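Thanks for coming. Please have the sequence and the model open, as I will go through them residue by residue.

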Amino acid sequence: MQVKFAIGQIVHHLKVGYRGVVFEVDAEFSLSEEWYETVAVSRPPRDRPWYHVLVDGAAHTTYVAERHLEASADSGQIAHPLLGQYFESYDGRRYHARGVH
């Protein structure tokens, strides 16, 4: 699987404008057909990577197609209530997953 963004990387959503941190990566779309039809209105490709993202300053997560993300120019920390569940440290530019050294 060739992906642009790694777990722990801070990203920026190109259409919606939020920042967040990637906490999981799917090689291709893995949610339901109903979700895709209802939520993915721009119909991004299903056979490319999709990312699970903790949204900065919010309590929810998102599921985003690779084409809608870019690396964030702002490397400031993310504020999210689930951050500690997935990551154990922040080095000033990215988060480090729990149990991965």
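Predicted model: local features only at pLDDT ≥ 70, side-chain atom pairs only at ≥ 80, totals over all residues.

Let me begin with charges. Side chains of opposite charge can pair when their charged atoms come close. How many salt bridges does a search of the whole structure find? The search gives 6. I will take a few of them.

Start with Arg19. Arg19 forms a salt bridge with Asp56, and the closest N and O atoms are 3.0 Å apart. Arg19 belongs to strand E2, which covers residues 19-26, while Asp56 sits in the loop between strand E3 (50-55) and strand E4 (61-65), so this pair ties together parts that are 37 residues apart in sequence. Is Arg19 buried or exposed? Arg19 counts as buried because its relative accessibility is 13%, under the 20% cut-off.

Asp74 is partly exposed, with a relative accessible area of 40%.

Now to another pair. Glu37 forms a salt bridge with Arg43, with 3.1 Å between the closest N and O atoms. Salt bridges that share partners join Glu33, Glu37, Arg43 and Arg46 into one network.

Asp26 lies in strand E2. Asp26 is buried, yet it has no salt bridge. Where is the nearest side chain of opposite charge? That side chain is Arg46, and it is 13 Å away. What Asp26 does have is a polar contact of 2.7 Å with the side chain of Tyr63.

Tyr63 brings me to the pockets. Rolling a probe the size of a water molecule over the atoms shows where empty space is left. The largest pocket has a volume of about 240 Å³. It is lined by 15 residues, and those closest to its centre are His13, Val39, Ala40, Tyr63 and His68. So Tyr63, the contact partner of Asp26, is also one of the residues closest to the centre of this pocket.

Which element gives the largest share of the lining? Strand E4 does, with 4 residues. Helix H1 (33-39) and E4 each supply at least two residues of the lining. By kind, the lining divides into 10 nonpolar residues, 4 polar and 1 charged.

Last, Gln85, which lies in helix H2. Gln85 counts as exposed because its relative accessibility is 51%, and the cut-off is over 50%. Gln85 and Arg98 are 13 residues apart in sequence, and their C-alpha atoms are 7.7 Å apart in space.

Definitions and conventions: Residues numbered from 1 in each chain as written. Heavy atoms only, no water. Salt bridge = Lys/Arg side-chain N within 4 Å of Asp/Glu carboxyl O. Buried < 20%, exposed > 50% of the residue type's maximum accessible area, 1.4 Å probe, protein only. Lys, Arg positive; Asp, Glu negative; His and termini not counted. Polar contact = N/O pair within 3.5 Å; in protein donor to acceptor, adjacent residues only side chain to side chain. 1 Å grid on protein atoms, 1.4 Å probe; cavity = no way out; pocket = protein on both sides within 12 Å on 5 of 7 lines; lining within 4 Å. Points joined across faces, edges and corners; volume = space filled by probe spheres on them. Nonpolar A, V, L, I, M, F, W, Y, C, P; charged D, E, K, R; others polar.
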